[in-house]
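Let's walk through how to read a structure together, one feature at a time. Have a look at the model first.

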Amino acid sequence: MSTYLCHIPTQQERPTRAALEVLTHVRTLARRDGARLAACVLHPAADRFVEALKPYGVDQVYLVKHPALDRHLNAPVLTALAAVFRAAQPTLMALPSTESVKDVLGALAARVGAAALPDVSAFDIGASVTATRPVMAARVLADTEATTQPVLVSVRAGTYTAQPAESPTEPEVVEVPLDFDTATLRATLREVITGTTGQVDLSEADIIVAAGRGVRDEAGKQLVEELARELGAAIGASRAAIEAGLFPASLQIGQTGKVVSPTLYIAVGISGAIQHVAGMAGSKVIVAINKDPDAPIFNIATYGIVGDLYQILPLLLEEIRRIKAES
Amino acid sequence: MNICVCIKQVPDIQAPFRIVDGRLQFDVERYVLNAYDASAVEGALQLVEQHGGTVEVVAIGPASVSETIRKALAMGAERAYHIEADPSDWDSATVATVLAAFFRDRSYDAIFTGKQAQDTDAGLTGTMLAELLGLPYVSNAVGLAYENGRLIVTRQGDAGREIIELALPGLVTISNDMNDPRIPSIRGIMQARRKPIEALTLSDLGLSPEQLRPRTRVTGYRPIPPRASGRKLEGEPAEVVRELVRLLREEARVL
């Protein structure tokens, strides 16, 4: 029986939504192909996530518990993933395409001798593993295929919908020992500077309010923040808005930043440069607010408003508050 | 500090193209230095300008790649290696294998790569190369400093900016958010003409066709399916906003 394995990153005591999306799709493939569905969790206290995986129908959970896995650092994560890979012997390993996964995917493929299909927007298993990848700053789709086995696939957030299985499972739990001496580390983590504590995480958010070059001062930033708060949304930004110094770089959405696909994406003062669109074109509903009627963002927007954000956002806030008060 | 930067020549992703029978066809064949690699060259030059040392570059490709190599030399790299090959059917694993063979008998304090290539957006080669060479690495670097024989690398991670101390020799993959690459000066361009480019073949590197077999391939290209055409709401601002909220609730059902 072949094994399909999913890497399940966690955040604040829960598997991330992006991980559960991938797991849901892999479950569908595993049930169809009669394969074993395995998941792995890397965390100093990995046991506590087993419960959250049961509704998703996993047959096996691999746990790697080590203090070095408390914060992301590529060497221990790589060693842990390779250890799980050797224990599970999967034909396919799927991972959500986060920065932490991008940090190790190539090295993991080289270490375990796997083919790698990174940052895909769809994949399937047939005679070979096939995947669709947006390339050239998401201007075109490449149909790709792995010509060897095993295969690693990293999947863009929002590609699939997370859904529990029809019936939960009682998975076999396999603990994989990690032989890792932190004293041998040649790359060490000094500190992590977080810019967005307490706010909704971008890659996990249902609604995103994103600021662009048109947001040019503190007052504009406050309007964006107020709208995000009112909608329970995460805040994102284009490269231009980050370069203007108004938003931290961790909020960047685009080819080089985060790739997001929320249910609702509100682009405020964003022109829609291809590098930015590459990171958000998968959003279900896109609202664009921009002064320039020719801004390319209007070509992909579900609803567009040509207007000054400094005038539109206060009206929008007022309307949303009115609706909320009514319901 | 001696740094070697791996550079790639890529099609200009802004250039107009068509898809004919599943293949990409550019109206004008225009090739450029991968923007992420340009940032890697810039990052290396800045370090060496502050702390001494040399910057060299290595590229793989047909003869036409020399144009891109000259660009890096004009920016300030001192010498270049051109691995002559046709990599059009290669994947990241093949490229990393070739680069690993190149680096095996050479000694640098640091190897830099762009964090991904603009055409494939795969982002695998750098960390594959580090693994093949057994080097510690940091990916997606947005800041670089040199302290007491170590690189202090800032990387953009999921939770924020991670400050990492990297022992040397090590490898760093660099984001275009690190810097704005310099535009070569006329003097730089003139000097680049006299800088050495050493040509190497795959057999010079002791590579057999067996080792070059890719693990993945592109079977074809397709246009991105167009989004259903949207609606521009026009009129008096307060009315337009009211209509937007109504559409979001009743038509799109997302509020």
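Q: How many Å separate the centres of domain 1 of chain A and domain 2 of chain A?
A: Taken over C-alpha atoms, the two centres lie 31 Å apart. The domain assignment, which is automatic or from a database, gives residues 3-184 as domain 1 and 202-326 as domain 2 of chain A. Domain 1 brings 13 residues to their contact and domain 2 brings 12, where contact means C-beta atoms, placed from the backbone, within 7 Å. Before we go on, this is a predicted model: local features need pLDDT of at least 70, side-chain atom pairs count only at pLDDT 80 or more, and totals for chains, interfaces and linings use all residues. Residues are numbered from 1 along each chain as its sequence is written, with chains lettered from A and ligands numbered from 1 in the order in which they are written.

Q: How many residues of chain A are in contact with chain B?
A: 68 residues of chain A touch 69 residues of chain B. On the chain A side, helix α4 (residues 99-112) gives the largest share, 11 residues. Helices here are DSSP runs of H or I with at least four residues, strands are runs of E with at least two, and both are numbered from the N terminus.

Q: Which strands form the open sheet, and in what order?
A: In general, strands of a sheet pair through backbone hydrogen bonds, either parallel or antiparallel. Here 6 strands run in the order β15(A)-β14(A)-β16(A)-β17(A)-β18(A)-β15(B), with parallel pairing; a pair needs at least two DSSP bridges. β15(A) and β15(B) stand at the edges with a single partner strand each, so one side of each has no neighbour in the sheet.

Q: How many bridges join β18(A) to β15(B)?
A: There are 3 bridges between these parallel strands, and Y303(A) has R231(B) as its bridge partner.

Q: At what angle do α3(B) and α4(B) pack?
A: Two packed helices are described by the angle between their axes and the distance between the axes. For α3 (residues 92-104) and α4 (residues 125-133) of chain B, the angle is about 45 degrees and the axes are 9 Å apart. Axes are lines fitted to C-alpha atoms, for helices over the stretch in contact, and angles run from 0 to 180 degrees between N-to-C directions. α3(B) and α4(B) are therefore oblique to each other (under 35 degrees is roughly parallel, over 145 roughly antiparallel, 65 to 115 roughly perpendicular, and the rest oblique).

Technical notes: Contact = placed C-beta atoms within 7 Å.
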